[in-house]
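Please examine the model displayed below before reading the account that accompanies it.

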Amino acid sequence: MAPTKDEQELFAPGHRACPGCGEAIATRWILKATGANVIIVSPTGCLETFSSPYMFSPWRVPWVHPLFENGAAVASGIEAALRYKGRSDIRVVVIGGDGATFDIGMGGLSGMFERGHPVPYICYDNEAYMNTGVQRCSSTPLFASTTTQPAGRKSWGKDRPKKNMPAIAMAHDIDYVATASASYPKDLHDKVERALTMEGPSYIQVHTPCCTGWGFPPEKTIEIGRLAVNTGLAPLFEMEAGEVTSVHRIAKKVPVKEYLMAQSRFKHLMGSEEGRKEVEKIQRVADRNIERLGLL
Amino acid sequence: MRTSIGAVVEGGTSLNYKTGNWREFRPVFVAGIAPCRESCPAGIDIARFIREVKSQQFDRAWQTIVEENPFPSVCGRVCSHPCEEACNRKEFDEPLAINSLERFVGDHGLKNAMMVAAPKAERRERVAIVGSGPAGLSCAYHLRRLGYGVKVLERSPSAGGILRWGIPEYRLPGTILDGEIERLSRIGIEIEPRVSLGTEFLADGLKDFSAIFLALGAQRELGLGIPGENSPGVVSGLDFLRGVNEGRPAELGKRVVVIGGGNTAIDVARTALRLGSRSTLIYRRTRKEMPAIPSEVEETRKEGVEIQFLASPVGITAQKGQGLRLECLRNRMGKSGPDGRRRPVPIEGSNFSIESDTIVVAIGAVVDPQGLTQFPQWTEAGIAVDEWGSTGLPGIFAGGDFTPGPRTVSHAIGSGKKAALAIDAFINGRDKDHAKSVFLGNRGSLSMEDWIQPSPMVGRSDRVIAYQDLNRLYFEPRPREGMPQIPNGAGRIASFDEVNLGFSGEIAIQEAERCFACGTCSLCENCYTFCPDGSLWREDPHEPFEIDYEFCKGCGICAHECPSRFIEMVREEK
Amino acid sequence: MEKMEILEGSMAVAVAVKACKPGVISAYPISPQTHIVEALAKMVADGELNSQYVLSDSEFSAASIVYGASAAGVRSYTASSSQGLLLMTEVIYNAAGTRLPMVLTGVNRAISAPISIQVDHQDTLSLRDSGLIQFYVESAQEAYDMHIQAFRIAEDPEVLLPVMICMDGWVLTHSYEPVELIPQKAVDAFLPSYRPVHCLDPEHPLTFGSYAEDDVLMELKYMIQGAMEKAKERIGVVASDFQRITGHPDAGLIEAYGTERAEVILVGMGSLVGTMKEAVDAMRSDGIPVGLVKVRCYRPFPAEAILEICRSASAVAVLDRGFSMGSEGPLSLDVKAALCNLERPRIFSFIAGLAGREITTETIQKITAETMEAAKSRRVVRGSQWVDLNRSIL
């Protein structure tokens, strides 16, 4: 699978992602699955910003950054145009962040799902508005500290659970919904390939650890992502026609504390009795995922 | 530079922005020493040849082995494989079947008539090797590769030493040995059989040869030191095996008792079975202390040799016309002796006896000085030499069983190699300790490849990779592949056909996939997979990656996720 | 040869768009745009129009869909009104900045709050800064003609900007007028297939939507203004081509009506101009030296043409059907800017007809009289005058 120097990474080096960026890993592998005969749409976000400083683009495939909230809508238009030209062999794929997907672009995404465009929408989820400085998003998990909902003397950080976007996607009766992780790139790759076989829309949510925003050293990106999966907080599964068709089984369950204490966005939960109680709530979230999806 | 309409730009232009200058630390491939290699007396780059098997490059795997050891098919059958004891995978599930993989690669070489390369340049000096056993032939091989003229002088009709006459066919078929020795002749090593030498050779020989390597082996059986040991029907294990090999096996009768616990003893016991006798083996300690290769002991037991542990012989009496009676005492294990091994302590009054037609003594071999008494430090263990095989007499070197040390084939091969380097240094007037730079770890293994042509590509460290150094999350437990064999039973012991059948290609590859590749690359591609900046590339899909330092940001993920501890993060020099 | 049909204004637009064969149409319904997009939908459903008709979930999405289709190199069309146009605003700026051609119909309607579905120009005027080319049409015929030209203007390699044809809601869209239709062959001759200057194509991967730093951003924006300036010339070329091929008149960036030796010149846009022309006719026959400039192309603003016509008048009265809250009527601001370095004429701004309030010929005459009086007395009039305001309900 590995290229020689002559074969090119479709997502070329020289982009300006933070060292250790989980999204960059995911994007490389998404493009390995799509191949070159693709048009990528990226709404505003980390990926867009670090990959498109004027005159320095790593995209060796056609790529468009429109606005923040219209990745899905623009992709719909491109897909319609290609269909008009009789070139539906060229696939359209959206790679957008959690901010653009969970919040501001959700309406347009719903429209794309409802209309049934054969577009895989891949959301890289770093669980906050990272690009603009780690602000809270509906994707931010319970009790994570962000700059617009920070932990403080009167706050544990985010007080609402993480929005369940895969369920929302599935509620649209689309062909394929999956979750993936930057720590399991080949699994992500295979899921993107699967999505491309679908006749209608699909949604893949990729958990992409962010060393800058979550607070851990960059070399641990893969390790942190793995911990998230093995606690049950970032379950990996596939769904088709409303039924779960596969799960990534956790070989050895990890208590959420191990995952939380490795990141400074959760450090306010450590070292106090009250904090421990809040951690239990997070553990319940993980346990529920494990039970519901049969991950053990 | 003009601006483009609508700020639309060409794709791929980020290659003009060298993110490499963001780095504070850079990842560097640093080869650590795998514990298997450290423990291999022959110094084989085991992790590398296994990687080459894994990627189905059997030819390259063969080249990797013969870089250090000319006898993969032989060693793959008879080596005691200390590498497997040292293998880090042992702590995870089971050690790699390294020995079987070596055999697989060696046999691949034989099947495909693969040859080693002739030396690039010829030197005018010649070296004489006395004895064509594993030590002598190894020394000959490495000297020849360094360009020297080499002549091997052998007393027997055929070359091979103990490999030829001391190891039975069902373990090491003669055709295999022939094949591996033949290869040496092809690169210009002269082997002269049926040569008798007197001690004057040590002086005269240095007129024709620049150096002499003595590898006469340990030819004499150690005596029991009990009454009746010279009775007819009591034979030495080494003599017996030699007789079998030369086609004149001793008459054993129906019942054979073998005394001893080493490889020779069990070789005798299993050979006796195949000659139609019933075999009993007595050993004075327990199974744990037996010096023989444990898997061979297991085969011995499976084939039906009765093994009695904790029994020592005390006397032999000839029964009139009815064979021999061996009187024994039972032992218990006592305290450790000076060699660290627990001593057997006889139990008073526990005498018992065994009736037998033949008693074979195989308790150890000693060096027969054969008149070479000018070596003041000679003992039964052999001629004293330094770690390089230098005897102290200028130009005279020795190794293998002829010198003190473990009596194993791999040790012999290693000693021949070291002596070759020492001889090379001697002939060129260099200090032999200069070759210390090619030692790997602390157990005497050294790299001939490094001596001939060190590779600057990858950094080297002296670190021997321990189990804790590895990132084991990327390995799944999987049992070790078993060696296919002739099924145990009457059929197996009815002939001297080779018992172990060898791995097939598929099984070899599967087993190779279990290798942790400690300190080197296992081709797992983790570094490439997880690099956020796509800064790893390679031309050859069977080789490790190269790092594109123009773009690598030094995030450290590759080093962190490398299962084999092959990547270090080093501070960037400003 | 030419077919004359009585068509609802919306249908005239739909027929024009159909003749231009867009590859992708996307729209979200909002009164009074609905008849246009419904007519197009029926054409698609009956197989008369081979477009991909994408039913969007909002105007934002509709504009985005059209943006995407245009970026993929396909001719695209949308239409909206009022709130919908505001929701499209972000995308229109984006399309202009990315230099993507698209054509939209802006069916003029007032903007909330308070909500009203009646006509005024506030919605399209509020897009005036975006880089969107805007034409204001007076009749169904003009709507038909301008939509066909709009595609060519937008796709012109020296323009490459979105183009909006503004037509008054209800007044033009829901009334029936005779429209002379152009045979398809002539349309095809006038408007060849779209050949994009840049597009999303795996054969030649390009990156759209980079972010630009301050070392280059001003230049990129300047280039948009440059395209706008160039568009004035290109619009003229397209119009004369249109006249040559179809026989329909080349009306230019402005239409001057009775402006020879006029002392007072009225300026207006949209269907209101029809009433203004009637009033001008009546006044001139009474000997009042009044003329009219109809601004057809509002962006790019035809400052030179207006300057040329108005420099000899003593007063100019601009009728705005929208307002820039906190300042003046937008059209009057543009006219004042065009004429600011002249000593004469004096310029007077009037706000009339917001949210569908009727403007009669009497109103026009009153405005004209007031203007003449103010000009003569050299009275200073700052800001805009809101015409026919019912002060008793303030």
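The model is predicted. For the complex, the predictor reports an ipTM of 0.95 together with a pTM of 0.89. The mean pLDDT of chain C is 95, and 99% of the residues in that chain score at least 70.

Along the principal axes, the C-alpha atoms of chain C fill a box of roughly 70 × 55 × 45 Å. Of the 394 residues in chain C, 56% are buried. When contacts in chain C with a separation of 6 or more are considered, 80% of them involve residues 24 or more positions apart.

How is chain C divided into domains? The domain assignment gives domain 1, residues 3-246, and domain 2, residues 254-393. The centres of these two domains of chain C, taken over C-alpha atoms, are separated by 28 Å. Where the domains of chain C meet, 25 residues of domain 1 are in contact with 20 residues of domain 2. On the domain 1 side of this contact in chain C, the elements that give two or more residues are helix H5 (122-125), strand E6 (133-136), strand E7 (163-168) and helix H8. H8 of chain C gives the most to that side, with 5 residues. By class, the domain 1 side of the contact in chain C has 13 nonpolar, 6 polar and 6 charged residues.

The contact between chains can be considered next. Here 16 residues of chain C are in contact with 8 residues of chain B. Helix H4 (82-98), strand E9 (206-208) and helix H8 (217-246) of chain C are the elements that give two or more residues to the side of chain C that touches chain B. The side of chain C that touches chain B is made up of 9 nonpolar, 5 polar and 2 charged residues.

Which strand of chain B pairs with E9 of chain C, and in what sense? Strand E1 of chain B, residues 9-10, pairs with E9 of chain C in the antiparallel sense over 2 bridges. Within this arrangement, B:Glu10 stands opposite C:Leu206 in E9 of chain C.

Chain B has its own division into domains. Domain 1 of chain B covers 25-113 + 457-569, domain 2 covers 126-219 + 367-430, and domain 3 covers 226-364. Between the centres of domain 1 and domain 3 of chain B, taken over C-alpha atoms, the separation is 38 Å. The contact between these two domains takes 7 residues from domain 1 of chain B and 6 residues from domain 3 of chain B. The residues on the domain 1 side of that contact in chain B are 3 nonpolar, 3 polar and 1 charged.

Several local features of the backbone remain. In chain C, a cis peptide bond with omega of about 0° joins C:Arg299 and C:Pro300. C:Pro300 is found in the loop between strand E13 (297-299) and helix H10 (303-310) of chain C. The peptide bond from C:Arg344 to C:Pro345 is also cis, and its omega is near 5°. The loop that holds C:Pro345 runs between helix H11 (330-339) and strand E15 (346-351) of chain C.

In chain B, B:Ala517 has a positive phi of about 55° although it is not a glycine. B:Glu525, likewise not a glycine, has a positive phi of about 65°. B:Ala517 is placed in the loop between helix H17 (505-512) and helix H18 (526-530) of chain B, and B:Glu525 lies in the loop between H17 and H18 of chain B. Are these two residues buried or exposed? B:Ala517 has 26 C-beta neighbours inside 10 Å and therefore counts as buried. B:Glu525 has 17 C-beta neighbours inside 10 Å and so counts as partly exposed.

Definitions and conventions: Residues are numbered from 1 along each chain as its sequence is written. Chains are lettered from A and ligands numbered from 1 in the order in which they are written. This is a predicted model: local features need pLDDT of at least 70, side-chain atom pairs count only at pLDDT 80 or more; totals for chains, interfaces and linings use all residues. Domain bounds come from an automatic or database domain assignment. Ala, Val, Leu, Ile, Met, Phe, Trp, Tyr, Cys and Pro count as nonpolar, Asp, Glu, Lys and Arg as charged, and the others, Gly among them, as polar. A residue is buried if 20 or more other C-beta atoms lie within 10 Å of its own, exposed if 12 or fewer, and partly exposed in between; C-beta atoms are placed from the backbone. Helices (H or I, at least four residues) and strands (E, at least two) are DSSP runs, numbered from the N terminus. Two strands pair if DSSP finds at least two bridges between them. pLDDT is the predictor's confidence in each residue, from 0 to 100.
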